[in-house]
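Subject: Structure handover and what was found

Dear colleague,

I am passing on the structure below, together with an account of what was found in it. Please read the notes alongside the coordinates.

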Amino acid sequence: MRIVRDYQFVAPEDRGASAAIGNFDGVHLGHQYVIDIARKEATATGAPLGVMTFEPHPREYFAPKAPPFRLMGSEARAHRLEKLDVERLYELSFNDTLSALTPREFAQNVIVDGLGLAHIVVGADFCFGKGRAGNADDLIALGQELGFGVTIAPLMHDAGEEVSSTAIRKALTDGRPQDAARMLGHLHRIEGEVIRGDQRGRDLGFPTANMSIAGLHPPRFGVYVVEIDILTGPYQGTYGGAASMGTRPMFGENLPNIESFIFDFKGDIYGEHLSVALIEYLRPECKFENLQALITQMNADCATAREILAAR
């Protein structure tokens, strides 16, 4: 997959794609449906399959001090799109210039002159241009005038509820990772670099791989059954484990993070990149009377997690 970040400097081989456009936060089933429509058009015409998205997310750009809401960072989104065989990722910088474009200017400057897209696919609720002034009908009209094809994909529903990033965030907030996975079409994952912590877990007999969740929507704090993919370094592979999400109340106030205990693993993975998938929520985080009570509960959590992983 080739990544293009500036629509004003595009190689000839990166032009002419059939592309889905949106923010694709989570790359859920609704997003995948839009991409599949673009895929069919790409296959029929021999064009590359593309996805156009924006970084930072426009919501982050306009409200930088708002609470974190993203389901995934840009790197995790790119990994997921690559698994869907997307050939061109147009990850455009969302800045003052791009945000100021009118709907017509966006269509002319970005879609036609910049990327030369042959066909685009968007969801029925798609809005674009300064002040979100353009809608799906406007895009169809502009496509007819400027010479690119447009397909409007209907919104997807699950059990009567719209499949959306908002609904997935709610499921994660409630501690329902299985419901989130059903709407995503894949397990919800947190990706990032393993950072050095205070190594209390090692002292307790449960050495953990610590990762920041800064900038991401925080799932319900507590203990999860997880699947850990080590993406870089000599220990690359998939492992089972248990993870604690939260602020570690036993040891005072801390920034939220995720600490994963990888079963049957010994190795130094500081600085390596991990992808931690949430499989099942076990219990809330809590403060124990003493360290022995904490260790006893951690042993019980790990035993339960092993049983759940073995049954998958």
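In helix H5, the residues Pro103, Phe106, Ala107, Val110, Ile111 and Gly114 are buried, where buried means under 20% relative accessible area, exposed over 50% and partly exposed in between, with a 1.4 Å probe and protein chains only. They lie on the same side of H5, because they cover an arc of only 150 degrees around the axis, the arc being that of the directions from the helix axis to the C-beta atoms. Their cover includes S2, S3, S4, helix H4 (96-99), S5 and helix H6 (136-146); helices (H or I, at least four residues) and strands (E, at least two) are DSSP runs, numbered from the N terminus. After H5 comes Gly116, whose phi is positive, near 60 degrees.

Please bear in mind that this is a predicted model, in which local features need pLDDT of at least 70 and side-chain atom pairs count only at pLDDT 80 or more, while totals for chains, interfaces and linings use all residues. Residues are numbered from 1 along each chain as its sequence is written, and side-chain values use heavy atoms, with hydrogens and water left out.

The parallel sheet is open and has six strands in the order S1-S4-S3-S2-S5-S6, two strands being paired if DSSP finds at least two bridges between them. Its edge strands, S1 (2-4) and S6 (149-153), each pair on one side only, and neighbouring strands are turned by 25 degrees against each other on average, direction ignored. Five bridges join S5 (residues 119-123) and S6 in the parallel sense, and Gly123 stands opposite Ala153 in S6. Helix H5 (residues 103-114) packs on this sheet, touching S2, S3, S4 (88-93) and S5, and its direction makes about 125 degrees with that of S3; contact means heavy atoms within 4.5 Å, and axes are lines fitted to C-alpha atoms, for helices over the stretch in contact, with angles running from 0 to 180 degrees between N-to-C directions. Helix H1 (residues 29-45) lies across S2 (18-21), S3 (49-55), S5 and S6, at about 165 degrees to S2.

There is also an open sheet of six strands with antiparallel pairing, in the order S9-S14-S11-S12-S13-S10. Strands S9 (189-193) and S10 (209-212) each have a single partner strand, so one side of each is left without a neighbour in the sheet. S10 and S13 (residues 257-262) run antiparallel and are joined by four bridges, with Asn210 opposite Glu259 in S13.

Best regards
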